[in-house]
Amino acid sequence: QAGAFILLGIGGSYLGARAGLEMLQHSFYNERPPGKRNGPRIYFAGHHLSARYMNDLLETLEDEELCLNVVSKSGNTLEPALAFRLFRVYMERKYGRPGAGKRIYVTTDQKRGALRELALREGYETFGIPANIGGRYSVLTPVGLLPLAVAKIDIGTMLQGARMAALDLAKDCLEENTCYQYAVWRHILYARGYWLELLVNYEPRLFYFGEWFKQLFGESEGKGGEGIFPALLNCTTDLHSLGQYIQEGRRDLFETVLDVGRSGAKLLVEAHPDDYEGLNYLAGRPFEDINQAALRGTVMAHVAGGIPNLRIIIPALNPYYFGYMVYYFQKACAMSAYLRGVNPFDQPGVELYKTNILALLKNSTWGNA
């Protein structure tokens with residue numbers, strides 16, 4: 001039993017899982033009392049190198065019973081490897097080495113790597129990452145499924161959604177395959193000079209889905225001096241910071257809007273006798289209707305301002321459609337890259353900065369450079 005579950009990973013080793021957790025859980029999941037949560041509190045580490053964050057997290061977890069899942073195919077990626085070293089020491093002091101070993105779960109390469117060797121030596125329970133699946137495509141493997149299952153999310157239904165997407169999107173006919181249509185529209189827009197894509201949501205629970213989208217498309221397409229730059233627009237919040245630029249700035253971006261169906265949240269605007277802000281005309285209207293009006297009004301304004309808009313309709317934010325969305329965007333990403341003559345499954349450009357960091361850390365005088 002654990003009151004807190006810590007997921008250690010970076011990039012594809014954590015973004016897909018976090019996207020699902022944020023989309024499918026209560027918006028304030030960790031703050032809810034145990035009786036109103038489906039599982040332990042869930043925290044994340046190993047996705048950056050901030051000492052302040054790690055100190056604050058360790059202080060937050062001081063009185064908690066912990067379990068830990070470290071996710072890394074190689075085991076030597078700097079950020080999660082450092083976080084795992086820190087938490088291994090912490091948990092071995094708290095539970096003793098054998099006790100800590102029963103609370104550590106390792107998701108790594110099925111056959112090789114530093115992390116697998118350590119797991120075998122220490123007796124940690126392991127989950128395998130298929131050798132032919134890269135991190136950003138691994139949401140529907142143990143990389144994403146284990147943390148989602150810990151939160152009591154129905155991963156069986158999620159996989160059903162992915163399987164239905166695989167069946168729906170197997171058609172070679174462009175007119176019948178919306179996934180291919182999306183890839184083709186991206187290709188056409190890029191050829192016309194639209195090099196930046198804003199993935200737009202009007203639901204805060206989709207924020208980390210957008211973060212996963214950024215890695216998926218950025219690492220898959222950004223090669224050889226080409227590629228669409230993936231970015232996010234979180235509405236209506238960002239309309240009050242970026243709305244002016246989008247409406248009247250450079251005409252080299254386009255938007256893909258995630259249009260979500262009703263969530264079932266029955267929240268209505270109430271009338272008030274003083275009506276100081278003049279909003280009584282909305283009395284009795286659902287907040288969801290108002291949010292939908294914001295989406296449609298914004299799309300109309302941006303299209304009128306010369307911004308191409310694509311729209312993807314998501315019937316509901318539930319496990320089935322999360323699985324469907326993951327498969328949809330993964331396949332669309334691969335097709336989009338192939339249309340540009342790019343391999344969507346490698347990422348050669350991420351090695352240089354890693355090499356530079358390691359060289360600096362191994363040079364005792366780096367701090368004076």
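Predicted model: local features only at pLDDT ≥ 70, side-chain atom pairs only at ≥ 80, totals over all residues.
Leucine 358, at 41% relative accessibility, counts as partly exposed, that is, between the limits for buried (under 20% relative accessible area) and exposed (over 50%), with a 1.4 Å probe and protein chains only. Residues are numbered from 1 along each chain as its sequence is written, and side-chain values use heavy atoms, with hydrogens and water left out.

Leucine 358 lies in helix H13, residues 351-362; helices (H or I, at least four residues) and strands (E, at least two) are DSSP runs numbered from the N terminus. Together with Tyr353, Ile357 and Leu361, Leu358 forms a nonpolar surface patch with about 360 Å² of accessible area. Patch members have over 30% relative accessible area and no salt bridge, with nonpolar side chains joined within 5 Å and like charges within 9 Å. A salt bridge is a side-chain nitrogen of Lys or Arg within 4 Å of a carboxyl oxygen of Asp or Glu.

Which residues form the negative surface patch? They are Asp56, Glu59, Glu62 and Asp63. Aspartate 56 belongs to helix H2, residues 51-60, and is partly exposed, at a relative accessible area of 35%.

I turn to the whole protein. There are 13 helices and nine strands. The radius of gyration is 22 Å, close to the 21 Å from the globule rule for 369 residues, so the protein is as compact as a globular protein of that length. That radius is taken over C-alpha atoms, and the rule is 2.2 Å times the number of residues to the power 0.38. Of the 369 residues, 44% count as buried.

How values were computed:
Areas by Shrake-Rupley, 256 points an atom, 1.4 Å probe, with all protein chains shown as cover. Lys, Arg positive; Asp, Glu negative; His and termini not counted. Charge placed at Lys NZ, Arg CZ, Asp CG, Glu CD.
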